[in-house]
Amino acid sequence: MEELHAEGISPFVADLDLDVSRGREPQTVEREVSSGDDDDAQLFVECPIEGCLEQISLAELEDHIDFHAIEQNEEAAPERVVAAADVAPIAANAREYRSPYSRPEEVAQLSHEDRRERTRPSTNHDSAIDAWKKIFSLKHARKVKDLENLSIEGKQPRKRLGKSELGKHAYEHKMPDSLVTLLRRGKYTSAEGIIPVLARLLEQSPSTEHAYLCHPAVQHISKLRGEGGFCGYRNIQMLSSYIVGAHAEGTEKLSDRIPSIFRIQDYIENAWDMGINATGRVETGGIRGTRKYIGTPEAQAMFLSLKIPCEAEGFKSPQQGVAEAALFASVQQYFERASFDPEDKVRCTNLPPIYFQHRGHSLTIVGLEQRASGSQKLLVFDPMFHDPEGILRLARRADRYGDTEDRNKARIPIHRSPESVLRLYRRGNNYLKKYYEFELLRLKVNST
C-alpha cells in the first residue's frame with residue numbers, strides 16, 4: 001500500500017459497518033488485489049521538490065509541499081485554519097464517503113508548458129513551492145493507470161500486482177547500481193532525541209490538552225536525498241530503532257543494529273520462504289534488489305520470521321470518518337494501557353511506536369494528542385521528511401528527557417512558535433479524512 005499498496009479487501013481490516021472487533025488473535029496478512037476500478041488510485045504526481053521523487057496524491061500535494069517548507073524553515077508554514085481541520089472524529093452515521101480524487105473532469109496530462117516548468121531550475125525553495133502550487137491549481141495531474149492486474153475480461157484480478165500497488169518500478173529486476181551505491185553508503189538519515197523535544201513542545205503548546213508519547217529511544221529515520229519511495233522500509237527501521245534502543249525483545253535477532261534496506265529485503269524474502277505471508281512473492285515477483293513498494297504484510301512477515309511478536313489491525317468503512325474514529329480509538333486504547341501520571345500534560349511512556357499505513361503512504365505513530373478543542377491528532381515520524389534544523393539543535397542541546405519528575409524544567413518554553421513546528425508531526429482529520437482504510441502493526445511488549 002506504499003503507493004496504493006493493497007487497495008483490495010485486507011483480511012485483517014475490520015468492516016466498520018459492524019462494530020470493530022477487539023481481542024482478536026494476531027493473524028498474518030495476505031493482500032487482495034484491487035479491481036482497478038477505483039479512480040482514487042489514479043491521480044498521483046511526482047513531488048516537484050528536488051531530490052524527493054515521491055509519488056504524491058493530488059489531494060495531498062499542498063500539505064506535502066508545506067511539510068517540505070517546514071523542513072527548511074520551521075516557522076514558514078503555520079497551520080492553516082480550516083473548518084474541518086480540527087474537529088472531533090465524525091460519527092458513524094456521517095454521510096457517504098466521497099473520494100477527493102474521483103473527479104474525471106479534472107484529470108489531464110501535464111501540458112508541454114507544464115513539463116517545461118517542471119524542469120526549470122528554481123532560485124530557491126519557496127519559489128519552487130509557489131510555482132508548483134500555481135501549476136497544480138490549474139488542475140493538471142498525471143493519471144497513473146495500470147491495467148496489468150486485470151484479466152482478459154477485465155473483471156478478475158491476477159495474482160501479480162502492478163504499478164498502482166508496487167510503484168513505477170513494479171517490473172524491474174534490479175535497481176540501478178548508482179542507487180545501490182547511495183543506499184549502501186548513506187544507509188539512512190537518523191535523528192535521535194526527537195521524542196523528548198516533542199514532549200517539551202507539547203508542554204508549551206496552548207492547543208494541547210494532553211498527549212502521549214512512545215519510548216524516547218525511537219529515532220526519526222528519513223529517506224536519503226534522491227532515493228525515491230522506500231517509506232515502508234524506513235518505518236520498519238523506526239520500529240527497529242525502538243527494539244535496539246530499548247533493548248527490547250528481538251535485539252539479538254537484529255544483531256543489535258538497525259537493518260539496512262537490503263537486510264530488510266533479505267528478511268522478507270526469508271519470511272516468504274518460511275511460508276509467512278508467502279503470497280507476497282507471487283504478487284510482487286520478489287523484492288530483493290528492487291525498488292518495489294512494500295507495506296504492512298511485508299513488515300509483519302519480517303518481524304514474525306524473526307520471532308519478534310507483533311499484531312496487525314485494520315479499519316475500513318465506506319462512510320467518511322468511521323474508520324478514522326476507530327483508528328483513533330485503537331491508538332488511544334494502546335497508549336492508555338501504559339503507566340503514567342494522569343496529572344501530567346505530556347505522558348511519556350516506554351511503549352513501542354506503531355507502524356501506520358494508509359493508501360499511498362506509511363508513517364510511524366509516536367504519540368497521540370488530545371486537543372483543547374476536543375479533537376485528536378496522531379503524532380508521527382514521517383520518513384518523507386527530515387526534522388527542521390531548529391529541532392535538531394534542541395535535541396543536541398537537551399539532556400535526555402528521562403528526568404520527567406522535573407516538571408518545572410519540562411514547562412520552560414524552548415521554542416517561540418511551537419504550533420508551527422509541531423505541524424510537521426501532527427496528522428489529524430484534515431489529513432486522515434482523505435482515506436477510508438487504515439492499517440496498524442504493533443510490536444507486542446510484556447511491560448510498559
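The dialogue below looks at confidence, a strand and a helix residue in a predicted model.

Student: What should I know about the model before reading it?

Tutor: This is a predicted model, in which local features need pLDDT of at least 70, side-chain atom pairs count only at pLDDT 80 or more, and totals for chains, interfaces and linings use all residues. Residues are numbered from 1 along each chain as its sequence is written, and side-chain values use heavy atoms, with hydrogens and water left out.

Student: Where in the chain is confidence lowest, and where is it highest?

Tutor: pLDDT is the predictor's confidence in each residue, from 0 to 100, and where it is low, the predicted coordinates should not be read in detail. Here the lowest mean, 39, belongs to helix H2 (residues 112-119), and the highest, 98, to strand E11 (residues 376-381); helices (H or I, at least four residues) and strands (E, at least two) are DSSP runs, numbered from the N terminus. The chain has a mean pLDDT of 75, with 60% of its residues at 70 or more.

Student: Which strand is joined to E7?

Tutor: Two strands pair if DSSP finds at least two bridges between them. In this model 7 bridges join E7 to strand E13 (residues 437-443), and the two run antiparallel, with glycine 314 standing opposite glutamate 439 in E13.

Student: Is valine 322 buried or exposed?

Tutor: Buried means under 20% relative accessible area, exposed over 50%, and partly exposed in between (1.4 Å probe, protein chains only). Valine 322, found in helix H11 (residues 322-336), counts as buried because its relative accessibility is 9%.
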